[in-house]
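I am opening my notebook on this structure and want to write down what I looked up, entry by entry. Please show me the sequence and the structure first.

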Amino acid sequence: METVKSGFKLILKFLRDADMVLFTVGLISAIYGILLISSVAGIPGASNVSVQIGSLLIGIFLFIIFSYIDIDIIAGKSWVLYIISIFFMLTLIIWGEEQYDNTAWLRFWGIGIQPSEVVKVTFTIIMARTLANYKEKKTLNSIVSLLQILLVFGSMFIIVVWTSGDIGSSMIFIFILVVMLFIAGVKLRWFILGAAGIVALLPLFLDLLARYRDGKLLVRILAPYRGLYEYYIYDVYSDVISRVEWKDAIDQANRSLGAITNGEFLGQGLGKGEFTQKPANAGGIWAQESDFIFSAAGEEMGFVGALLVIALLTTIIIRCVYVGVKSNNALGLLVCMGLATIFIAQTIVHIGMCLGILPVIGLTLPFFSYGGSSLVSSFAALGIVSGIKMRPKPIRFRYL
């Protein structure tokens, strides 16, 4: 009887102390995503749903675990996180499986793992610890400190691009860095200098992309902007395959936008979408269950369903920011803002792809898209934020 009472008290304590707003909204989002995944035609629906449900259960477990782990302890071993992250990405060289023209996946016994999804979270913690240390020492804006920060970022970014070829996930690391530098208090002049350097090197960068993987990567990035595409592909690297890839990228964006438009206000109903229920090779949308899940929400659930997706994700983002602001320490603020940035960037890019106004670079929508790695790492991120909320001021450890 005492054991039952103790267990009941622990549950009540968790419900009282953990961030149940994040947990509840994340759970609702994941269930909504599973409904959308199960409705999409042309994929092994039952298998994908099983994987997503299993990943959700693992994610809930990690949310609870990370809610009780002091972020100070994790961040205090940032160099260990860095080594583990690099090693994890390097495993793609040996065991990486090619999918959608990149090798971003490890697959064992039918289970796929995307290392970059995990490394986004560890990278956020590493950068938060690094920036918090320099901020505490009041050396954040020194050239030496900034160069060291860029070295950590650059090495991680290069490893992610080199091992996976996943430009979508790689771009998220840039968003994380910029936002965290701004929140930490890096002076405006450094941002201006960095922007000027990017603009100056942009032609070289695009030229390199035009030669990377037969120009396919650049085609996806410039697909919504035909004029730029023609200049850099036709003039720099004219290739028949690239022209076909351009047409496919444009068709993909047009079909996605057509699906969203076809949903009108209330949608066509689950399993009844004109575009979402077609196989990709028959006029449907490629990677409908993952990279274009928002178009499924738009067509089958309509404007109301699409707006609900945005509202749920916005709530999660605002809550992460709120917890960070209330954390009363630089590390907690930076971690929460970095994790919120992941959700913001992926949401904007994913929806932009589905609307045909941003590059088709292949990026999941947090909590909604099919992908166990994405769902598990998203709930782990929420657990970290929940842990920061439970301990507004850093302490060394707190047991259950």
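I began with Arg 16, which counts as exposed because its relative accessibility is 56%, where exposed means over 50% relative accessible area, buried under 20% and partly exposed in between, with a 1.4 Å probe and protein chains only. I note that this is a predicted model, in which local features need pLDDT of at least 70 and side-chain atom pairs count only at pLDDT 80 or more, while totals for chains, interfaces and linings use all residues. Residues are numbered from 1 along each chain as its sequence is written, and side-chain values use heavy atoms, with hydrogens and water left out.

**Entry on salt bridges**

I searched the whole structure for salt bridges and found three, taking a salt bridge as a side-chain nitrogen of Lys or Arg within 4 Å of a carboxyl oxygen of Asp or Glu. Arg 16 pairs with Asp 17 in one of them, at 3.4 Å from N to O.

Arg 319 and Asp 19 form another, with their closest N and O atoms 2.9 Å apart. This pair joins distant parts of the chain, 300 residues apart, since Arg 319 sits in helix H13 (residues 293-325) and Asp 19 in the loop between helix H1 (2-17) and helix H2 (20-39); helices here are DSSP runs (H or I, at least four residues), numbered from the N terminus. Both Arg 319 and Asp 19 are buried.

I also noted Lys 120 with Glu 117, at 3.4 Å from N to O. These two are three residues apart in helix H6, so about one helical turn separates them, and both are buried.

**Entry on two helices**

How do the axes of H6 and H15 cross? I found that the axes of helix H6 (residues 115-137) and helix H15 (residues 372-390) come within 8 Å and cross at roughly 25°, which means that H6 is roughly parallel to H15, a term for angles under 35 degrees. On the H6 side the contact (heavy atoms within 4.5 Å) involves Glu 117, Val 118, Val 121 and Ile 125, and on the H15 side Ser 373, Ser 374, Ser 377, Ala 381 and Ile 384. I sorted these contact residues into five nonpolar, three polar and one charged.

Notes. Axes fitted to C-alpha atoms, helices over the stretch in contact; angles between N-to-C directions. Parallel < 35°, antiparallel > 145°, perpendicular 65-115°, else oblique. Nonpolar A, V, L, I, M, F, W, Y, C, P; charged D, E, K, R; others polar.
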